[in-house]
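Subject: Structure for your review

Dear colleague,

Please find below the structure that I am handing over to you. My notes on what was found in it follow directly after.

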Amino acid sequence: MAALDVQTCTVRPFRASSVSSFVNGLTVFGNTLYIAGEFQSVAGQQRLRFAALNATTGALLPWVANADRIGRAVAVSPDGSRVAIGGDFFAVNGQASHSIAVVNGSSGANVRNYPVGFIHQNSVTKGLHSSGNTFYGANEGSGGGVFDGRFAIDWTTLEQKWRDNCLGATQAVLEYQGTLYSANHAHDCSSNGAFQDGRRSFFIAQRTDNAAILGWNPLGNDGTGEGIGPRALTVATGTSTGRPYLWAGGEFTLINGTGQQGLTRFSATDTGNPPIPVVTAQATSSNSIQVRFRTVVDPDDSVLTYRVYRNGSSTPIWTGQADSVWWKRPQVTFVDTAVSVGSSYSYRVTASDGTNTSGLSLAVSAQATAATNNYPARVRADDPQFYWQYDGTTGIWVQDKSAAATKTDGLSGIAENGLGHATDGAFAGDTSGSAGFDDVDDYVWEDNYAPAPTTYTIETWFKTTTTTGGKIVGYGNGRPRTDTGATRNSGSYDRHIYMDNSGRLTFGVYTGSPVTLRTAASYNNGAWHHVVATQGTNGMRLYVDGALLGQNTTTAAQPYWGVWRVGGDNLSGWPDRPSSDFFGGQIDETAIYGSALSAQQVQNHYAPVPDAVAPSAPTGVTAAGSGTSASVSWAAATDNVGVTGYAVYRGTSPGFTANASSRIAQVTGTSYTDAGLAPGGYYYKVTASDAAGNTSAASGASNLVTVAAATDSTAPSVPTGLSTSVNQSTVTINWAASTDNVGVTGYSVYRGTTSGFPVDATNRIADATGTSFTDSGVGTGTWFYKVTARDAAENVSGASAAASATVTSSPGTPISVQVPPTDDAMVFQIAPSTNYGNDTQVSARGSGGSPTESFLRFTLPAAPAGHTLSGATLSTRTSTDPAAGSGDTFTFAVVTGTWTEAGVTWANRPTAAGATLGTFSGATATNSPYSSALSIGAVQPLLGQTVSVRLAGNGSDNVRLWSSEAATTAYRPVLTLTYTPIG
């Protein structure tokens, strides 16, 4: 042993004489150094495995705590009166105490012994750490049933506060600011309600009050030597930064995938952005939109803050926090109730750790629908814990659609082993399909490992012709391995519904032996069937197709931790066990409730009493005109169940028929504004509808609303701020926009040879809709330009002040014109109805993931007189998106067909391809410029026309480019056309 001054890197005068063997651990309190090891004497005196020395001189002190086997760790209470010792021993000072003991700080006499059983006889204590009124221990064991985890003991009472029984030996523990850090190779913390067996976690952080494991998750490896990763931990403050660092030493050779052998440190500074959430949006039959996403995993933080943005707003519509650990990722569902029927809404989401924020998710959209009393609405109304519809749109993520209000702890499913998807669903009007199970090994589970419930309802639909049975839904402690993903069926399992080989159903719980309810009939006839099982204070109930088929008074079931599984799990030991534990057939609409549904609730889910009563006809319909709009209002209708919406109709006579051809709107409130009316006279009628689709008679007609034709005689304001720039023989003119009482529709540009030239048809050179114009092929000399503005009524403003431009280059030199796109937008096959016209990026991918295309529209100028096209280059720039670059080849081609930037989607995109204009490849860097030389022969016939161009890929790697909505003008796409003189 030696004492080092870490500031000066010098050896202090401390000397410890004649320590007979290894020292494995030590700690200093005041001027006393306590040591643990394999020695049997110090300074010629007997000291068996533990000793105390003067920390300045190294002289042996009269403290004696002799142990019969190896000592490994020492910790001292805050007042120094007690010392905890740890190691392999079974006796201290001749008294039985295994692995740990507490002795007097001055004499070493036993204060508290912990005989075998408190710690398993095959486990040893490798590390101890004292902080405040608690000391913590780190243990290692070998064989079955051993203790590999951590414990906390109160210094005052010397009683255990908590322990965790994670498997994977712990080498060291360290408390810092309320968090306990440990060096270990934990691979199974199921006993602590955390991750299941599989990959090794070499560093763990947990709460000091209850041992809950946190999300801090640096990655390490086994390393060299014994191959158990890290062995030691300490916190030190950087001399230059003044910041704390957690240092770790051990056998590892990698940290977070980077070479780092034997020694590393972790900073308290959080520099990494959380991942971008993957989001979906769906309108529900509850007149709301669910915005759903699984929490993302940040290796530094257990709780993240999520923000939902609607319709491109920079202000979030919702902000909330949710747990985020790598072994459990709850689903967050924001329920947007502030929606109008028929309106579409787009959403994007970010995740933040408080310091760093992810990028915005891809925009997702949904169109709000009216409330109806369909099957999903009835399920949500009874408050399920989760509700899986198996729509097959999000890969292995089976979305939880249970939320009637915003929730941050949703239980989404995880599909394993290639779960199939069928197009038909369980109930009429079900367009989401169902899950297809293969009778071999596929299943769905949820990752919220929790104590088995005592009160619950299992509900699902199934369809099968199997003769090998299988488990349909059940609770169990089996979760797939975290390293290989291999299936691990449950060792504890009950609260399940299964089918035997004959098609009969069994609902069972385990109370020391199986307790079951079994149907008399078989249900493997290829039809959809509804099954519900409940257990609560009134016992067990089993319903099939709405009918109660069995019941008893059993309220107990086996206590254990587990998860819900659908489609298969262990059935060993259960009566009428089928040939297969895994179900073969279709399963749909699975819901789990934290209550026992009543017989009426079950019947209402299966076959609700139909509502055949229509609402009353709306009354008091009035209309008030204002300009080209009419505001229509009416008194609310009544209904035996409830009015869910209204339809508004418009006609030109009071006796018009209210039908589909005259319907102009569907709303949920009692008013509507009809805007953009042409001149004429109008009447309005209204009908009411309910959730069952019953529609009232039409109301009486409203009063007449007359919209008069407007006369506009006011001219726009005179354009101002005229400026020019000259490039060889090309003059670019810019000006400030004019204003008008209705709206400016365009401008006319005039050219003359003197500043006072009058504007007329003889010197008008162009009409423009924007506030700039490029005059190409201008002869040498000084020219003057003026601009007028016009509106839709052909009112023309006065001419602007003149702006001059001097051209010194002959028009015989080449002329280049830059043409930006007037419109651009990308479309995704995976989101066929979503428009991305306002996105700052365009993108393309040929295959893999989701094919993507982009469309750009250019208005190509005709060649100047005496010139011909000699070059065409399309310049683009990759975006800052980390996945923007691509090594694939992409094609620009002409397409025909109508589209708009605000309306184009994958479903309605133009698909009639024309000539190929050019290709580009090698755009591998992000935020970098790239250009593509286009075919002159292909572009030449298009001059003087408005042309649509499609960007498409031929591979599976996407490219992302800045669009014309990019904030930086220089990053936007631009087409450069070069014309040279003929001859």
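The second largest pocket holds about 1,300 Å³ of space. A pocket here is an open set of points on a 1 Å grid over the protein atoms alone, with protein on both sides within 12 Å along at least five of seven lines, and lining residues have an atom within 4 Å of a point. Grid points are joined across faces, edges and corners, and the volume is the space filled by probe spheres set on the points. Of the 37 lining residues, G25, L26, T27, V28 and L33 are the closest to the centre of this pocket. Strand β3 contributes the most to the lining, with six residues; strands are DSSP runs (E, at least two residues), numbered from the N terminus.

Please note that this is a predicted model, in which local features need pLDDT of at least 70 and side-chain atom pairs count only at pLDDT 80 or more, while totals for chains, interfaces and linings use all residues. Residues are numbered from 1 along each chain as its sequence is written, and side-chain values use heavy atoms, with hydrogens and water left out.

Strand β3 also belongs to an open, antiparallel sheet of three strands, in the order β3-β4-β7. Because β3 (23-29) and β7 (50-54) each have a single partner strand, they stand at the edges, and one side of each is left without a neighbour in the sheet. Strands β4 (residues 32-37) and β7 pair over five bridges, where pairing requires at least two bridges found by DSSP. Y34 stands opposite A52 in β7.

The whole structure contains 26 salt bridges, each being a side-chain nitrogen of Lys or Arg within 4 Å of a carboxyl oxygen of Asp or Glu. In one of them, the closest N and O atoms of K463 and D424 are 2.6 Å apart. K463 lies in strand β41 and D424 in the loop between β37 and β38, so this pair ties together parts that are 39 residues apart in sequence. K463 is buried, at 18% relative accessible area, whereas D424 is partly exposed, at 27%; buried means under 20%, exposed over 50% and partly exposed in between (1.4 Å probe, protein chains only).

A further salt bridge joins E853 and R909, with 3.1 Å between the closest N and O atoms. E853 is in strand β68 and R909 in the loop between β70 and β71, 56 residues apart.

Yours sincerely

Methods
Helix = DSSP H or I, 4+ residues; strand = E, 2+ residues; numbered from the N terminus. 1 Å grid on protein atoms, 1.4 Å probe; cavity = no way out; pocket = protein on both sides within 12 Å on 5 of 7 lines; lining within 4 Å.
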